[in-house]
Amino acid sequence: MADEATQELSVTPDAVAGGTTHVSDEVVEKIAVAAARSVPGVAELGGDVARFFNAVLDKVGLNQVGDARRGCSAHVTDGAAVVNLVLVIEGGRPVPEVADAVRSAVTAAVEAYGLRVDEINIRVDDVALGGPAVPSA
């Protein structure tokens, strides 16, 4: 068998493949949910119906299904994101302070991935008052 010569290809540093990059809405939703959950005063994400179905999934052992994006929707257009969040805040926390902190955290997290944030819309759906209510006699 004859020896075959190995050919080396030179790569020019200036050579860059063309194309486009699109970040999906779902990716931004996951980033935004993680950032929002890290904010003190945020008890949970999602509206009443989403939380009800999540509780059912928890009971049957499917507690990770749907959690990553629950309570969030996002739309990405031309590198800019619009994020909508539904929050449950902890009792006793001022809504404007929690909302401002969530906006800051989500903006920083999404922008860290190279996107611009145009809007973060927040709807406070509920307040978590701690333990179950004790009926008075």
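Leaving aside its neighbours within four places in sequence, which residues is Arg-123 in contact with? In this predicted model, the partners are Leu-85, Val-86 and Leu-87.

Strand E4, residues 116-128, is where Arg-123 lies. Between the C-alpha atoms of Arg-123 and Leu-87 the separation is 6.2 Å, although the two residues are 36 residues apart along the chain. With a relative accessible area of 45%, Arg-123 is partly exposed. The side chain of Arg-123 also makes a polar contact with the side chain of Asp-125, at 2.9 Å.

That brings us to the charged pairs. Side chains of opposite charge can pair when their charged atoms come close. The structure holds three salt bridges, and here they are:

| Salt bridge | Closest N and O atoms |
|---|---|
| Arg-93 and Glu-90 | 3.4 Å |
| Arg-116 and Asp-118 | 2.9 Å |
| Asp-125 and Arg-123 | 2.9 Å |

Arg-93 is partly exposed at 36% relative accessibility, and Glu-90 is partly exposed at 31%. Arg-116 comes out at 45% and Asp-118 at 47%.

Now for the hairpin. Strand E2 (residues 72-77) pairs with strand E3 (residues 80-90) in the antiparallel sense, over six bridges. Two residues sit between E2 and E3 in this hairpin, and Asp-78 in the turn has a positive phi of about 50°. Thr-77 stands opposite Ala-80 in E3.

In a regular strand the side chains alternate between the two faces of the sheet. In E2, Cys-72, Ala-74 and Val-76 make up the covered face, while Ser-73, His-75 and Thr-77 make up the uncovered one.

Conventions:
Residues are numbered from 1 along each chain as its sequence is written. This is a predicted model: local features need pLDDT of at least 70, side-chain atom pairs count only at pLDDT 80 or more; totals for chains, interfaces and linings use all residues. Side-chain values use heavy atoms; hydrogens and water are left out. Buried means under 20% relative accessible area, exposed over 50%, partly exposed in between (1.4 Å probe, protein chains only). Helices (H or I, at least four residues) and strands (E, at least two) are DSSP runs, numbered from the N terminus. Two strands pair if DSSP finds at least two bridges between them. Contact means heavy atoms within 4.5 Å. A polar contact is a pair of N or O atoms within 3.5 Å; within protein, one must be able to donate a hydrogen and the other to accept it, and residues adjacent in sequence count only if both atoms are side-chain atoms. A salt bridge is a side-chain nitrogen of Lys or Arg within 4 Å of a carboxyl oxygen of Asp or Glu.
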